[in-house]
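Hi,

Here is the structure I promised to pass on. Have a look at it first, and my notes follow below.

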Amino acid sequence: MGAWGTLVLAAESGPHLPSVEDFLPPEILFEGTPFAINRIILVRLIATAVLLAVMVVTAYRAKVVPGRWQSAVEWVLEFIRDNIVYQIMGELRGRRYVPMITTLFLTIFVFNLCGVIPGMNIAATATITMPLVFAIWTFCQYWIAGIREKGLGPFLKEELFPAGVPWPIYIILTPIQLLELVLIRPLSLTIRLFANMIAGHLLLATCLAFTQFYIVESADKILALPGCLWLVGGLIFTLFEMFVAALQAYVFAILSTAYINQSYPENE
Amino acid sequence: MKPLAEGGIDLFLPETYDIVWSLVILVVIAAVFYKVVLPRFQKVFDERSARIEGGIAKAEQARKEADEAKRKYEERLSTARVEASKIRDDARAEASHIIADARSRAETDAAQITANAQRSIESQQQQALVSLKGEVGTLATALAGKILGAKLEDGAVQASMIDQMIADMDGDGDGK
Amino acid sequence: MDIITLAEVAGNISILGYGLAALGPGIGLGIVVGKALEGTARQPEVAGRLQTLMLIGAALIELLGLLGFVAFVMVAL
């Protein structure tokens, strides 16, 4: 609880505003080794355990006639399959990528939700590495798909020298396309997710820090009024963050699908 | 907002342990999803669609059977109907036959009765004629005798005798 | 920061920079969403497809705003 953990210490000086330090918490286990664990990684491990436990239990208990919870999980799985993968890629070529996109979507969604769960209060995707790893997976998939479907040469030619463009344009276009292919796509996926999580945490933590400061710590009781406003803001942003968690998972999944789909030949 | 120590850039520089854990977590989640969770759900989906298809096939089968039964029933119904109408026609024909028979028999009977009656009337007429003939002769003779007898005695007696005779005849006629 | 210094203008000019960086994407998002709505109103039968495309476009535009935010975080925090 980055924002709250040191709040008591800073109580005298003013509201403890969230800072970059929230995203760079100190290591608490196995310090100095490549397996060091800090707060965010702990949150991530817990989220992973919960996600896997829930999904595995649901999967093992799955019946042909679903109960309420199973229906909900199935609705999500079918939403990912039909509304994300099949809608963009079509059923034939999309089938191969359904497990990947499902994994991405659910993992990102659950990790994002950690940002509003009391006690965790920081998204498990709130270090750049996690989104980066997701993005690299997508990156590998669309390169592999391109090379497999077209061969390396034709794939690069099609991506770097799009047909129907007069040749002088290539001087500008080709470097941009190359940059897009190797750098912009994975980095944009990473930064979109990461920055959203940072922004969400900063907003929420700021609201709650001011609430705490004005209502609890401030000697002047008249300041409780703006404190309440901050609290309302905190509530609204909590709901908004839940929405953003789902939206970002959706966007990440849909962009991954779209990128992979672009590696396939235009018409089959 | 107090300016913090420079360090914002640190956010964008991945730590080694962070990379390690991210990879481990992603690999674990992906492995479990690929190997366990999704295949099981897929199995359930397949089973469900198989069930639904089986249900549809069963319903189709049932429909076919019902159609067959209905066809048989209708067939039987139509044969029954044909049979019934045949029976009815037969009955009607028989009835008309019977009626015609009865009528012809009645006509014969009637003709016979009429002939008998005719015959008995004729015989009675004959009989009446015969008996009348005999009686008229007797009467005429008697009348003639009486007329002749009375004429001898008196003109007034003659007239009364004639009257009496006529009355006798009437009485005879009535008596007959 | 107590009640007296509440009105003090303090902070970093990069906040302004971020505000400016949010302008363009804001306009762009408005156009994207508006056009998607127009298209949906005209052809409601392709609403699902339009929505997907709109979200892809919106995500690409959103990135520009987030880049501004990232620059702000790098410098200011």
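**What I found**

The side chains of R44(A) and D18(B) come together in a salt bridge, at 2.9 Å from N to O. By salt bridge I mean a side-chain nitrogen of Lys or Arg within 4 Å of a carboxyl oxygen of Asp or Glu. Another one pairs E62(C) with R192(A), where the closest N and O atoms are 3.7 Å apart. That pair crosses between chains, from helix 2 (residues 47-76) of chain C to helix 8 of chain A.

Before going on, some housekeeping. This is a predicted model, where local features need pLDDT of at least 70 and side-chain atom pairs count only at pLDDT 80 or more, while totals for chains, interfaces and linings use all residues. Residues are numbered from 1 along each chain as its sequence is written, chains are lettered from A and ligands numbered from 1 in the order in which they are written, and side-chain values use heavy atoms, leaving out hydrogens and water.

**Chain A against chain B**

In this interface, 51 residues of chain A are in contact (heavy atoms within 4.5 Å) with 34 residues of chain B. About 3800 Å² is buried between the two chains, 79% of it from carbon and sulfur atoms; buried area here is the accessible area (1.4 Å probe) that two parts lose on being put together, summed over both. L52(A), V64(A) and T129(A) supply 15% of what chain A buries against chain B, more than any other three residues.

Which helix gives the largest share of the side of chain A that touches chain B? Helix 2 of chain A, with eleven residues. That side of chain A divides into 34 nonpolar, eleven polar and six charged residues, with Ala, Val, Leu, Ile, Met, Phe, Trp, Tyr, Cys and Pro as nonpolar, Asp, Glu, Lys and Arg as charged, and the others, Gly among them, as polar.

**Inside chain A**

Chain A has nine helices and two strands, taken as DSSP runs (H or I, at least four residues, for helices; E, at least two, for strands) numbered from the N terminus. Helix 5 (residues 98-113) and helix 6 (residues 129-150) of chain A pack at about 170°, with axes 12 Å apart. The angle runs from 0 to 180 degrees between N-to-C directions, and the axes are lines fitted to C-alpha atoms over the stretch in contact. So helix 5 of chain A is roughly antiparallel (over 145 degrees) to helix 6 of chain A. Their contact has seven nonpolar, four polar and no charged residues. Among those meeting there are L104(A) and F111(A) from helix 5, and F134(A) and W137(A) from helix 6.

Cheers

Terms used:
Parallel < 35°, antiparallel > 145°, perpendicular 65-115°, else oblique.
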